[in-house]
Amino acid sequence: MHKTSNPDSTKAFLKDLYERALAPALPVNAMGDVMWPIVSGRTYILAVGKAASQMAAAIENRWPEEATGLIVTRQGYAQPGFTPHNMQIVEASHPVPDAAGAQAAQAALAAVDALGQDDLLLVLMSGGASALLPAPAAGISLPEKQAVTRALLHCGAPIGEMNIVRKHLSAIKGGHLAARAWPATTQLIAISDIPGDDIAMIGSGPTVADSSTCGDALAIVEKYGISLPPAIRAMLESDLLETPKPGDSKMQRSKGKICARPADMCAAAVAVVEDHGYEAIMLGDALEGDALQLGYAHAQQALAFKEQGRKVALISGGEATVTVRNRDGRGGRCTAYLLACALALEGEPDICGFAADSDGIDGSEDNAGAFLWPGILENMGGAEQARQFLDRDDSYRAFERADALLMTGPSGTNVNDLRVLLVR
């Protein structure tokens, strides 16, 4: 077991815990037994998301030899050395969409428009797909959609609310892709990065009938004070941007399944800490809410368990949010959570931990997350300096100064964040 007096030893132990927890969610492990319909016609494969190329690589030896398709992933996320026959690979921007993603979306729509009744659209979906495959609805420009996306990211809206808005500004999300593919069969295989594993929310549900409405999207925009171009507002108010609903005849040949979930990652983390003699306390695999408040609350729970003399591991998954006040600050939700946690612990001995995004990137930064140990506030320049970092929305630089960033690069999966606090 690690010693909290040795940060290097602690970091090595915690990084190994993170990597072992991720293993069940990696496509090579999660997709071994996934099945899809066999059709007499053509098979078109559309893989989209941060794990797109890894998902495609995991089943490459099982798809029809004559299959064609498109892989769209985040810049730098394509699996090295993977160059499948008859498949184009596009790297696009995340979390704000770009022209490369928009062009890929139009290519995908053109391909599915050509499918017939005997054909199959096989969709491999993972987190990040909403931004990576943007197809603005008729009457909406890409810059307008980019502006709405930025506003949603900065206001602290949870992913579910973000995706409701994005569905109603899209020609591909919210079931539109499957409707375009009809009468072909559509099969979705997804890795879930959504709290609660709502398959209609993964990648904003391009193949799943949508139960939300234009009115819901407008209510979310109003809730966060987001300014919409008048034309978009008018289209939402008149229901011109409505999505395919359950019961729509064009959605009846579309099916979906999830092959990896945040719960799988959390269960693996439980097994690892129990092997090291900890009592695992699962706080939930779908936690949402403000990252700073979550960090403070988890620190209080850790202190309470230490007071009881219990050796416990507090484990949680899900996707917290950060309301950005300083656009010049750096840091994602994991470092924000952990900095709030560190300040609440005030250097309490024998409590350490980490918070990291399972895709290997915390928000828009280059780190997966960060580590915590009892002396970390001193490594940041003291508690007062650490508080200033937090107030400036600059949690990345706080952990960078302490040499406490968890750097992994793209992991090849995306099942939300993992947070672990160990109490001796």
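**Starting with a helix**

Let's begin at helix α6, where the buried residues are L142, K145, Q146, V148, T149, L152 and C155; buried means under 20% relative accessible area, with exposed being over 50% and partly exposed in between, using a 1.4 Å probe and protein chains only. An α-helix has 3.6 residues a turn, so residues three or four places apart point the same way. Among the elements covering the buried residues of α6 are α4 (99–113) and α7 (159–167), with contact meaning heavy atoms within 4.5 Å. Helix α6 takes in residues 142–155, and its 14 residues should span 20 Å at 1.5 Å a residue, which agrees with its end C-alpha atoms being 20 Å apart; the expected span is 1.5 Å times one less than the number of residues. After α6 comes G156, with a positive phi near 85°.

A quick word on ground rules: this is a predicted model, where local features need pLDDT of at least 70 and side-chain atom pairs count only at pLDDT 80 or more, while totals for chains, interfaces and linings use all residues. Residues are numbered from 1 along each chain as its sequence is written, and side-chain values use heavy atoms, leaving out hydrogens and water. Helices (H or I, at least four residues) and strands (E, at least two) are DSSP runs, numbered from the N terminus.

Strand β2 (residues 68–74) is joined to β3 by six bridges, and R74 stands opposite A92 in β3.

What about strand β4 (residues 120–125)? Six of its six residues are buried, so β4 is largely enclosed by the rest of the structure. L120, L122 and L124 point one way, while L121, V123 and M125 point the other. Six parallel bridges pair β4 with β1 (residues 43–48), where I45 faces L122.

Another open sheet has six strands in the order β7-β8-β12-β9-β10-β11, and its pairing is mixed. Its edge strands are β7 (279–287) and β11 (405–406). Strands β7 and β8 (residues 312–318) run parallel, joined by six bridges, with A280 opposite A313.

How values were computed. Pairing = 2+ DSSP bridges.
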